[in-house]
Amino acid sequence: MLQKAARNTSVKSISRSGLLSWEDLLDNPQRNPTIMISVSQAIQIVRQQSHLLATEPVALANTLSRILAEDIVADSDLPPFDRAQMDGYAVRAADVSNTPARLRIVGESAAGAGWHHEMKAGEAVRIMTGAPVPAGADAVQQVELTREHDGLGFVEILEPVEPGRSIVKQAAEIRAGETVLRAGEDINTAMIATLASFGYAQVKVGRRPRVAVMATGSELVNVDEKPGADQIRDSNNYTIAAYATQAGATVESLPLAGDDTEELKRQIAAAAGRSDVLITSGGVSMGVYDFTKAALKELGAEIFFERVALRPGKPTVFGRLGDTLVFGLPGNPVSVAVTFNLFARAALRIMQGAQQPQLPEETAVLASNLKGSIDRESYLPAVLRTDEKGTLLAEPLKWGGSSDFVAFARATALVNVPAGVKTLEKGQSVKVARLPG
Ligand code: AMP
Ligand code: MG
């Protein structure tokens with residue numbers, strides 16, 4: 001096994017593509033995290049290391065945006081009885097093939113109070129939307145096409161009606177015992193009626209991951225402070241907290257940490273003890289004051305990767321300290337948004353049991369030329385819009401690079417440019433990943 005691993009990670013196999021193959025990474029117990037890996041390899045590693053958290057029952061009213069941890073099964077037919085779809089008269093279609101037809105009103109079926117007798121030829125039952133259709137009737141004629149003379153006990157049906165009209169048969173929508181939603185789906189607003197109708201007062205969902213966020217950098221001050229000389233306000237803690245909350249996590253923001261290994265170690269160790277995931281920003285590049293990795297390593301963290309062939313976001317770090325997953329994101333605000341959404345979001349969603357942990361991917365037509373990178377895959381901010389023909393267009397943002405968070409404020413998606421593609425031309429099809437809103 002060791003021999004095989006050694007052969008797989010020979011210098012030759014690495015240098016040919018500049019990237020380690022996924023098989024090499026899996027087979028090699030002493031894999032080298034400093035080697036630059038592809039985005040898809042990094043995502044695979046994140047998925048492999050992210051473990052399912054416990055499930056918890058939550059009251060239906062609080063389930064929006066949580067992830068289902070159980071299959072949802074219909075406890076009754078839908079509709080539970082043959083149901084009128086209109087206000088009008090339950091009739092036998094054969095009785096009204098020649099109109100006007102005069103029928104005797106023998107009863108009334110209201111929602112919640114049906115008429116439970118056999119309706120015979122020549123008879124009609126006044127019926128309301130949502131009420132059970134009586135036995136013997138095979139159609140409902142809507143009230144607008146009828147005329148009832150007050151007090152006489154008869155109704156005139158003014159137009160013929162075909163059998164089955166305005167009746168939804170019992171179980172036409174769902175049969176009792178059918179699975180209607182599956183574990184791993186995101187609970188959205190459209191699903192709430194289904195959960196309620198089948199009696200799910202409590203719904204089993206994935207537990208929310210506890211996330212600690214920690215911005216690092218001696219230049220940072222809090223949002224409520226006026227930056228002094230050489231200082232800037234921290235934005236990353238807020239960005240990460242917002243995305244993490246949207247991904248279902250509960251978030252604790254740690255105090256800003258300066259570029260000091262001991263201070264970083266102290267905060268990281270404390271945070272790791274009480275969070276499932278720690279997400280730091282800054283201090284992972286090649287500068288002399290970039291200490292995040294050193295702090296993690298000195299604390300004994302296992303580092304899975306620290307360089308990804310990604311633009312922006314190359315120095316992204318991923319590791320584990322005890323049971324806590326650690327993402328060391330780069331400091332530039334746009335790199336934070338990109339790397340959070342490619343990697344950390346997936347981890348948070350996997351921990352809650354999501355079937356689709358990645359950002360939803362679509363194909364769009366590029367609205368203007370876009371430059372790629374020779375050795376890295378790019379995820380570049382863009383606005384999605386639909387043209388008058390209905391084509392989905394991706395309009396790349398004009399931006400000044402990964403520090404330009406003001407330009408990024410308009411982004412609704414990331415356009416993917418594969419590594420090695422110099423330029424994508426206007427009009428070409430591109431893969432886009434929609435950002436959470
Ligand atoms: P670093 O990755 O630490 O080299 O930081 C890269 C750039 O991002 C620098 O210009 C930092 O000042 C900036 N930066 C780092 N952390 C933050 C933060 N929390 N909020 C806003 N900008 C930051
Ligand atoms: Mg820094």
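Colleague: Why does Glu425 count as partly exposed?

Modeller: Buried means under 20% relative accessible area, exposed means over 50%, and partly exposed is in between, using a 1.4 Å probe and protein chains only. Glu425 has a relative accessible area of 41%, so it is partly exposed. A word on the ground rules: this is a predicted model, where local features need pLDDT of at least 70 and side-chain atom pairs count only at pLDDT 80 or more, while totals for chains, interfaces and linings use all residues. Residues are numbered from 1 along each chain as its sequence is written, chains are lettered from A and ligands numbered from 1 in the order in which they are written, and side-chain values use heavy atoms, with hydrogens and water left out.

Colleague: Where is Glu425 found, and what does Glu425 touch?

Modeller: Helices (H or I, at least four residues) and strands (E, at least two) are DSSP runs, numbered from the N terminus. Glu425 is in the loop between β27 (423-424) and β28 (429-434). Contact means heavy atoms within 4.5 Å; not counting residues up to four places away in sequence, Glu425 touches Leu366 and Asn369.

Colleague: And why is Glu162 partly exposed?

Modeller: Its relative accessible area is 42%, so Glu162 is partly exposed.

Colleague: Now the inside. How many residues has the largest nonpolar core?

Modeller: A nonpolar core is a set of buried Ala, Val, Leu, Ile, Met, Phe, Trp, Tyr and Cys residues joined through side-chain atoms within 4.5 Å. Here the largest has 43 residues, and Ile279, Phe305, Phe327, Phe340, Phe343 and Leu348 have the most contacts inside it. Elements that each supply at least two residues of this core include α4 (39-49), α6 (236-246) and α9 (333-351). The largest share, 11 residues, comes from α9.

Colleague: Which residues is Leu348 in contact with?

Modeller: Leaving aside neighbours within four places in sequence, Leu348 contacts Pro209, Val211, Ala244, Ala247, Ala249, Val277 and Phe340. Apart from this core lies another, of 17 residues, including Ala212 and Met214.

Colleague: How many residues of α9 are buried, and where does α9 bend?

Modeller: α9 bends by about 45 degrees at Phe340, and 19 of its 19 residues are buried. As for length, the expected span of a helix is 1.5 Å times one less than its number of residues. α9 reaches 25 Å from its first C-alpha to its last, close to the 27 Å expected. Just after α9, Gly353 takes a positive phi of about 95 degrees.

Colleague: What about the rings: how many aromatic pairs are there?

Modeller: A pair of aromatic rings is described by the distance of the centres and the angle of the planes. Rings of Phe, Tyr and Trp (its six-membered ring) pair if their centres lie within 6.5 Å; planes under 30 degrees apart count as stacked, over 60 as edge-to-face and the rest as tilted. The count is 6 pairs. Phe304 and Phe318 have centres 5.3 Å apart and planes at 45 degrees, so this pair is tilted. Phe304 is in β18 and Phe318 in β20 (317-321), 14 residues apart, and both are buried. Together with Phe305, Phe327 and Phe343, Phe304 and Phe318 form one aromatic cluster.

Note on methods. Bend = angle between axes of the 7 residues up to and from the residue.
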